[in-house]
Amino acid sequence: MACFIVFEGGDGSGKSTQARSLLRRMRRRGIQALHTREPGGTPLGQALRSLLKSGDPMTPISELMLFEAARAQLVEQVIRPFLQQGGVVIADRFTSSTVAYQGYGRGLDRELIERLNREATGGLEPDLTVLLDVPVETALARKTGGESGGKGDNFDDAPADFHRRVRRGYSALAATDPEGWLVLDGQRPPEQLGREIWAKVEAIL
Ligand code: TYD
């Protein structure tokens with residue numbers, strides 16, 4: 001059964017770990033599942049990822065349009081075809097990232113973002129969005145000590161206030177649709193979180 005699950009959260013929230021763990025659980029059960037990440041997954045998405053990692057400053061509007069361009073490619077070339085075959089897509093970030101980062105974080109017009117999100121995705125919406133919520137200080141400490149090894153991109157180097165706005169943005173989005181969002185305290189043990197996410201996903205499937 002086709003199903004579209006999105007993981008969201010600030011940098012260092014542990015969403016990528018949980019997305020990969022859900023993918024493994026599904027594959028063990030013989031479910032046809034695919035993991036995507038944004039930006040990434042297509043040549044355009046990979047190019048945007050490299051550009052962001054270079055740390056070269058971008059204006060907020062350029063940033064917005066590049067994320068949307070990369071998303072349009074990913075939906076068209078990867079996500080939609082996989083869903084049409086009846087698979088489960090587990091996406092590490094989707095439209096809510098843009099509302100949280102470019103809208104709440106950078107202060108760009110939210111109606112514009114919602115419009116671009118709709119255009120880029122052709123109206124595709126997740127069946128479930130899992131939000132891993134972590135206090136900003138904890139998340140940033142994880143990032144600098146963690147997998148990125150402190151090598152900053154445009155977002156890792158943003159001030160803590162930026163990340164606080166992003167976190168607030170996610171909470172506001174989740175509050176508007178409690179049915180569609182599973183909000184979890186990302187400070188809990190990863191195994192516990194994994195079990196809770198699986199229980200919810202299993203119910204949907
Ligand atoms: P991510 O893959 O989470 O970063 P990392 O490789 O460090 O784990 O995403 C890259 C960054 O891009 C992240 O800081 C969030 C940002 N981003 C936006 O600002 N807007 C968007 O629409 C998306 C998809 C990501």
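Helices here are DSSP runs of H or I with at least four residues, numbered from the N terminus. All views come from a predicted model.

View 1. P39 lies in the loop between β2 (33–37) and α2. The C-alpha atoms of R49 and R195 are separated by 31 Å. Along the chain, R49 and R195 are 146 residues apart.

**View 2. The cis peptide bond from E38 to P39.** Most peptide bonds are trans. The bond from E38 to P39 is cis, with omega near -10 degrees.

**View 3. The salt bridge of R71 and E38.** Side chains of opposite charge can pair when their charged atoms come close. R71 and E38 meet in a salt bridge, at 2.9 Å from N to O. The pair links distant parts of the chain. R71 is in helix α3 (residues 60–84), and E38 is in the loop between β2 and α2. The two residues are 33 apart. Both R71 and E38 are buried.

**View 4. R93 in the loop between β3 and α4.** Most residues other than glycine have a negative phi. R93 is not a glycine, yet its phi is positive, at about 80 degrees. The loop that holds R93 runs between β3 (88–92) and α4 (95–105). R93 is buried, with a relative accessible area of 12%. The structure holds 10 salt bridges. One of them is formed by R93 with E8, the closest N and O atoms being 4.0 Å apart. E8 lies in strand β1 (residues 3–9) and R93 in the loop between β3 and α4, so the pair ties together parts that are 85 residues apart in sequence. E8 is buried too, at 1% relative accessibility.

**View 5. R25, a buried arginine without a salt bridge.** R25 lies in helix α1 (residues 15–28). R25 is buried but has no salt bridge. The nearest side chain of opposite charge is E202, 8.1 Å away. Leaving aside neighbours within four places in sequence, R25 is in contact with E191, G194, R195 and W198.

**View 6. The buried face of helix α7.** Helix α7 has 17 residues, 160–176. At 1.5 Å a residue, α7 should span 24 Å; its end C-alpha atoms are 25 Å apart, which agrees. Buried residues in α7 are F162, H163, V166, G169, Y170, L173 and A174. Seen down the axis of α7, these buried residues fall within an arc of 130 degrees, so they line one face of the helix. On the other side, R168, A175 and T176 are exposed.

**View 7. The salt bridge of R164 and E137.** The side chains of R164 and E137 meet at 2.5 Å, N to O. R164 lies in helix α7 and E137 in helix α6 (residues 136–145), so the pair ties together parts that are 27 residues apart in sequence. R164 is partly exposed, at 36% relative accessibility. E137 is also partly exposed, at 48%.

Conventions. Residues numbered from 1 in each chain as written. Predicted model: local features only at pLDDT ≥ 70, side-chain atom pairs only at ≥ 80, totals over all residues. Heavy atoms only, no water. Buried < 20%, exposed > 50% of the residue type's maximum accessible area, 1.4 Å probe, protein only. Expected span 1.5 Å × (residues − 1). Arc of directions from axis to C-beta. Lys, Arg positive; Asp, Glu negative; His and termini not counted. Contact = heavy atoms within 4.5 Å.
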